[in-house]
Amino acid sequence: MGNFAANEGLSIFVILVWLGINAFLFVHFYMAFLTDKWYYTRVLLGHALSWARAPAAALNFNCMLILLPVCRNLLSFLRGTIQCCSRTAARQLDRNIVFHKLVAYMIAFHTAVHIVAHLFNFEYFMDAQLNRNSSWLPFVLSEIGNGDNASYLNPIRTNETNPTIVMFTTIAGLTGVAITLALILIITSSMEVIRRSYFEVFWYTHHLFVIFFIGLVFHGFGRIVRGQTKASLDTNNPLECDKEFENWGVNGSGCAVPEFAGNPPMTWKWVVGPMFLYVCERLVRIYRSHQKVVITKVVMHPHKTLELQMKRKGFHMEVGQYVFIQCPSASRLEWHPFTLTSAPEEDYFSAHIRIVGDWTEALYQACVGDKTQPQEAWKLPKLAIDGPFGTASEDVFRYEVVMLVGAGIGVTPFASILKSVWYKRIQNNQDVFTKKIYFYWLCPETQAFEWFADLLQSLEDQMAEKGVTDFLSYNIYLTRWKETEAAHFRVHHEAENDPITGLKQKTLYGKPNWDNEFTNIATQHPGTKVGVFLCGPQQLGKSLEKQCLSHSEEDVKFIFNKENF
């Protein structure tokens, strides 16, 4: 229970507070539209009025939040600021995309409720105009303001129209349609299958958020939903005058003709702050994108993995951080995140990029292509870099015992960590707080090991030379292989070095038994907090998180951290 609180306590608290604010706003504004000011509006619309306005208030709150989790420079600043005070709070910032998605789902939910309620409202407005009966209060209310149109209640001013025409000829209608279409496209293109298979579709449609926010700000300027003015309430008490509507305005009746006005637009007050922060964020990105980046070396590794070594004036990084890369020759608009595989101690920064899509293929063609000879630096493509940005892996040296779990290309953040270990512990003989690292690398194919094997071999040799072989324990798993390959591996199993990686540590086949691994680590390190760091698929993350919870006892705590960019 204690470990669950350490891993998830603050996250659950934040989510509960967020849900509580949503619930409070919904209930508060639902009840606010049940007051006397809106009595005559409810005569026309019934409870559909409250069902439209309550989600609108919650929408304002969530639209205020939606941009903040993607202000990565702001988050990086906050992470660095609060990290010294609270590691748990800093870890919550690594879940920014998860929160961004939750807020988006909430926006979609409240938008659906808001739209359905307003569809009913427009039908009620239209019915009040079509049923032209002077002894029917909704029709009488609809006729108010026909003269100078200064104080009307029903925005549909004639019975010779229909709700569709009103929808496309009013500010609220036009902006509402634009907002809804933009939201539908943004959410549908964000589905996992589309985002992974057609990233460009996801990238470009996400920029419809500009249309979404412009429409959102101007949506309320039409003031379609109107209530009785404060002055009018003094001359026409709806609780007393609703039955005397045929005598409204007659001398001695005590009930003047009610006057109505719309609420001033409020949405801009909710979103102007986050919009300003986001504009500043984009300006910072633009400034960084114009800083000169020099590609010093291009290496093509097996398994279609491209390594770019780069330099930029004033660039400083920490282990496990990532950058966004733009290659104008591939696309002038697209920015893609890549983990830095270099160590802070090196005089360059690098990224390993798997060639798996249109953008990475275009980058590969620009850097390597069919050329057999190394290109001169001035012939290499121009790049723009935004970052670096912090991740959970920055905290790795804050734990005495560390588990690093990488799946496939997900090993990249740990390349930076292991290189830094080599510089700190082996080359410079620096004392670090971390005393033991358990490294697990899971790959489905043999070729994936090749580009990373050189680093592991170097670490293995240097640790043996320095007599610190117990500092790093690593296990490499081949999770999928052919029967013929397996037979070949078994023949060479007795060789001194592994036939796949060339390491003294033999490659293991199949998937790790995480229950045994966690049990062994807990046994060997009593009274220790173990940092578990994962860069890999969601399913593996769920499995490891479950193990962290089940194996944490009073004297051993496993703290789960996952890369989320």
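Reader: In which helix does F199 lie?
Author: The model is a predicted one. In space, F199 and H336 are 9.8 Å apart, C-alpha to C-alpha, though 137 residues separate them in sequence. The helix that holds F199 is α11.

Reader: Is F199 buried, partly exposed or exposed?
Author: The buried class stops under 20% relative accessible area, and the exposed class starts over 50%. F199 has 21%, so it falls in between: partly exposed.

Reader: Leaving aside neighbours within four places in sequence, which residues is F199 in contact with?
Author: H336 is 137 residues away from F199 in sequence. Even so, H336 is on the contact list of F199.

Reader: Which residues of helix α11 are buried?
Author: Helix α11 covers residues 199-206. The buried ones are F202, W203 and T205.

Reader: What do the buried residues of α11 pack against?
Author: The residues in question are F202, W203 and T205. One of their partners is the helix of residues 192-197, namely α10. The complete answer is α9 and α10.

Reader: How many disulfides does a search of the whole structure find?
Author: A disulfide needs two cysteine sulfur atoms within 2.5 Å. The sulfur atoms of C241 and C255 are 2.0 Å apart, and this pair forms a disulfide. C327 is in none, with the nearest cysteine sulfur, that of C367, 6.3 Å away. The search of the whole structure gives a count of one.

Reader: Why is the disulfide of C241 and C255 called left-handed?
Author: The handedness follows from the torsion about the S-S bond. The disulfide is left-handed because that torsion is about -80°.

Reader: Where in the chain is C255?
Author: The pair links distant parts of the chain, 14 residues apart. C241 is in helix α14, residues 238-241. Both cysteines are buried. C255 is in the loop between α14 and β2.

Reader: What is the relative accessibility of C327?
Author: Buried means under 20% relative accessible area. C63 is buried at 0%. C327 also counts as buried, and its value is 0%.

Reader: In which strand does R312 lie?
Author: At 12% relative accessibility, R312 counts as buried. Its strand covers residues 305-312. That strand is β4.

Reader: How far apart in space are R312 and Q291, C-alpha to C-alpha?
Author: In sequence, the two are 21 residues apart. They are also in contact. Other contacts of R312 include R288, F349 and G387. The C-alpha separation of R312 and Q291 is 7.4 Å.

Reader: Is the peptide bond from G387 to P388 cis or trans?
Author: Most peptide bonds are trans. P388 sits in strand β8, residues 384-389. For the bond from G387 to P388, omega is near 10°, and the form is cis.

Reader: What is phi of R223?
Author: Most residues other than glycine have a negative phi. R223 lies in the loop between α12 and β1. R223 is partly exposed, at 36% relative accessibility. Its phi is positive, near 50°.

Reader: Which residues that line the second largest pocket are the closest to its centre?
Author: This pocket has a volume of about 1100 Å³. Its lining holds 40 residues. The closest to its centre are R53, A56, H114, H118 and H219.

Reader: Which helix supplies the largest share of the lining of the second largest pocket?
Author: The helices that each supply at least two lining residues are α3, α6, α9, α12 and α15. The largest share is eight residues. Those come from α6.

Reader: How many residues of the lining of the second largest pocket are charged?
Author: Nonpolar residues account for 24 of the lining. Polar residues, a class with Gly in it, account for 14. The charged ones number two.

Reader: What share of the residues in the chain is buried?
Author: The chain has 21 helices and 14 strands. Its accessible surface comes to about 27600 Å², with 59% belonging to carbon and sulfur atoms. Of the 565 residues, the buried share is 49%.

Definitions and conventions:
Residues are numbered from 1 along each chain as its sequence is written. This is a predicted model: local features need pLDDT of at least 70, side-chain atom pairs count only at pLDDT 80 or more; totals for chains, interfaces and linings use all residues. Side-chain values use heavy atoms; hydrogens and water are left out. On a 1 Å grid over the protein atoms alone, a cavity is a set of points where a 1.4 Å probe fits but cannot get out, and a pocket is an open set with protein on both sides within 12 Å along at least five of seven lines; lining residues have an atom within 4 Å of a point. Grid points are joined across faces, edges and corners, and a volume is the space filled by probe spheres set on the points. Helices (H or I, at least four residues) and strands (E, at least two) are DSSP runs, numbered from the N terminus. Buried means under 20% relative accessible area, exposed over 50%, partly exposed in between (1.4 Å probe, protein chains only). Accessible areas come from the Shrake-Rupley method with a 1.4 Å probe; for residues, only the protein chains shown count as cover. Contact means heavy atoms within 4.5 Å.
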